[in-house]
Amino acid sequence: FHQHHDAWNCVVYGRKRWGLLSPAVDYVSPTDSSGLWWEHVRPSLLEEGFPHLHECVQEAGDLLYVPSAWLHSVYNLRTTVSLAVQIGSPASWQPAC
């Protein structure tokens, strides 16, 4: 999981799975690997009833907005080409944690 300024992400080709957490949620991932998180950590969180995870699958042609400071993890479900644009300057942004 990571966070940054407001961002727009458009999938041109392929599919990607998103996991998003509000800045109000205090969460630190036990791994830096998106693959390990989706395959091992996520199922454990769901079994524990973790209510804060917002998920979606982004298809080719879909545009997704990620608000500033929202934690997110992305996992490509197949070969994927996407375009992402962040809005804002690093000096004006403060991390949520």
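A residue is called buried here when its relative accessible area is under 20%, exposed when that area is over 50%, and partly exposed in between, as found with a 1.4 Å probe on protein chains only. The model is predicted, so that local features need pLDDT of at least 70 and side-chain atom pairs count only at pLDDT 80 or more, whereas totals for chains, interfaces and linings use all residues. Residues are numbered from 1 along each chain as its sequence is written, and side-chain values use heavy atoms, with hydrogens and water left out.

**View 1. Arg-42, a buried arginine of helix H1.** Helices (H or I, at least four residues) and strands (E, at least two) are DSSP runs, numbered from the N terminus. Arg-42 is found in helix H1, and with a relative accessible area of 16% this residue counts as buried. Its side chain is joined to that of Glu-55 by a polar contact of 2.9 Å; a polar contact is a pair of N or O atoms within 3.5 Å, where within protein one atom must be able to donate a hydrogen and the other to accept it, and where residues adjacent in sequence count only if both atoms are side-chain atoms. When residues up to four places away in sequence are not counted, Arg-42 touches Arg-17, Trp-37, Leu-53 and Glu-55, contact being defined as heavy atoms within 4.5 Å.

**View 2. The largest nonpolar core.** A nonpolar core is a set of buried Ala, Val, Leu, Ile, Met, Phe, Trp, Tyr and Cys residues joined through side-chain atoms within 4.5 Å. In this model the largest such core has ten residues, among them Leu-21, Val-25, Phe-50, Leu-53 and Leu-71. Helix H1, which covers residues 34-47, gives the most to this core, with four residues. In soluble globular proteins, nonpolar side chains tend to be buried together. Trp-37 is one of the core residues, and, with neighbours within four places in sequence left aside, Trp-37 is in contact with Phe-1, Tyr-27, Ser-29, Thr-31, Arg-42, Pro-43, Leu-45 and Leu-53.

**View 3. Aromatic pairs and the cluster that includes Phe-1 and Tyr-27.** Rings of Phe, Tyr and Trp (its six-membered ring) pair if their centres lie within 6.5 Å, and planes under 30 degrees apart count as stacked, over 60 as edge-to-face and the rest as tilted. Five aromatic pairs are present in the structure. In one of them, the ring centres of Phe-1 and Tyr-27 are 5.5 Å apart and the planes stand at 80°, so this pair is edge-to-face. Because Phe-1 lies in the segment before strand S1 (6-13) and Tyr-27 in the loop between strand S2 (15-21) and H1, the pair ties together parts that are 26 residues apart in sequence. Phe-1 is partly exposed, at a relative accessible area of 25%, whereas Tyr-27 is buried, at 15% relative accessibility. The pair of Trp-37 and Trp-38 is also edge-to-face, because the centres of the two rings are 5.0 Å apart and the planes are at 85°; both of these tryptophans are buried. One aromatic cluster is formed by Phe-1, Tyr-27, Trp-37, Trp-38 and Phe-50.

**View 4. Thr-80 and Arg-78.** Thr-80 lies in the loop between S5 and strand S6 (81-87), and its relative accessible area of 19% makes this threonine buried. The side chain of Thr-80 reaches the backbone oxygen of Arg-15 at 3.0 Å, and a polar atom of that side chain lies 2.7 Å from the backbone oxygen of Arg-78. The charged end of Arg-78 sits over the ring of Tyr-13, 4.8 Å from its centre; a charge sits over a ring if NZ of Lys or CZ of Arg is within 6 Å of the ring centre and within 35 degrees of the ring normal.

**View 5. Cys-10 and Cys-56, with no disulfide.** A disulfide is a pair of cysteine sulfur atoms within 2.5 Å, and the structure holds zero of them. For Cys-10, the nearest cysteine sulfur is that of Cys-56, 13 Å away, which is too far for a bond. Cys-10 is partly exposed at 25% relative accessibility, and Cys-56 is partly exposed with a relative accessible area of 29%.

**View 6. Ala-69, in the loop between strands S4 and S5.** Ala-69 has a positive phi of about 75°, although this residue is not a glycine. The loop that holds Ala-69 runs between strand S4 (63-66) and strand S5 (71-76), and at 8% relative accessibility Ala-69 counts as buried.
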